[in-house]
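This report covers charged side chains and one surface patch. The sequence and structure come before the discussion.

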Amino acid sequence: MHSNHTFSAKHPDDILDYRFDWAGERNNTGLTDWLELYETIVSHEVEVEAGLTLVSSSAVDNNTAVLAWISGGTDGNNYTVTCKITTATRIVTRTALLPVKTNI
């Protein structure tokens, strides 16, 4: 997970889930684990840029990833989605872009 990540585009009418995975290798969703083995997310915050709506967010995959449900957006815009996690010993924030398009 890094700040140059771009999520798959969504339609303005869609309500879709987007994952910040901090243990991608363990969860079979990526190549590396940012979290140490047995390290988990204690708390998280997700923020979306104005124009999008954060419907909900939750820690998933045994508290190693954050799943954010997002709606809204305007066709042709790219929005910033930020996820901040806290573990027992560390705090880290990552940002991703979320493109919104009517022609997907």
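Arg-26 is partly exposed because its relative accessible area is 31%, where the class lies between buried (under 20%) and exposed (over 50%), with a 1.4 Å probe and protein chains only. The model is predicted: local features need pLDDT of at least 70, side-chain atom pairs count only at pLDDT 80 or more, and totals for chains, interfaces and linings use all residues. Residues are numbered from 1 along each chain as its sequence is written, and side-chain values use heavy atoms, with hydrogens and water left out.

**Salt bridges**

Arg-26 forms a salt bridge with Asp-33, at 3.2 Å from N to O; the term requires a side-chain nitrogen of Lys or Arg within 4 Å of a carboxyl oxygen of Asp or Glu. Asp-33 is partly exposed at 26%. The whole structure holds three salt bridges, listed here.

| Pair | N to O distance |
|---|---|
| Arg-26 and Asp-33 | 3.2 Å |
| Arg-19 and Asp-61 | 2.5 Å |
| Glu-39 and Arg-90 | 2.5 Å |

Glu-39 sits in the loop between E2 and strand E3 (43-48), and Arg-90 in the loop between strand E6 (78-86) and strand E7 (91-99), so this pair ties together parts 51 residues apart in sequence. Strands here are DSSP runs of at least two residues, numbered from the N terminus. Glu-39 counts as buried at 10% relative accessibility, while Arg-90 is partly exposed at 27%.

Arg-19 is partly exposed at 31% relative accessibility, and Asp-61 is partly exposed at 31%.

**A buried lysine**

Lys-10 lies in the loop between strand E1 (5-6) and strand E2 (15-21). Lys-10 is buried and has no salt bridge, the nearest side chain of opposite charge being Asp-14 at 5.6 Å. Its side chain does reach the backbone oxygen of Asp-14 at 3.0 Å, and a polar atom of the Lys-10 side chain is 2.7 Å from the backbone oxygen of Gly-72. Beyond four places in sequence, Lys-10 is in contact (heavy atoms within 4.5 Å) with residues including Tyr-18, Ile-70, Leu-98 and Ile-104.

**Surface patch**

Val-55, in strand E4 (residues 52-60), is partly exposed at 44% relative accessibility. Together with Ile-15 and Trp-69, Val-55 forms a nonpolar surface patch of about 270 Å² accessible area. Such a patch joins nonpolar side chains (Val, Leu, Ile, Met, Phe, Trp, Tyr) within 5 Å, or like charges within 9 Å, from residues with over 30% relative accessible area and no salt bridge; areas come from the Shrake-Rupley method with a 1.4 Å probe, and for residues only the protein chains shown count as cover.

Note on methods: Helix = DSSP H or I, 4+ residues; strand = E, 2+ residues; numbered from the N terminus. Lys, Arg positive; Asp, Glu negative; His and termini not counted. Polar contact = N/O pair within 3.5 Å; in protein donor to acceptor, adjacent residues only side chain to side chain.
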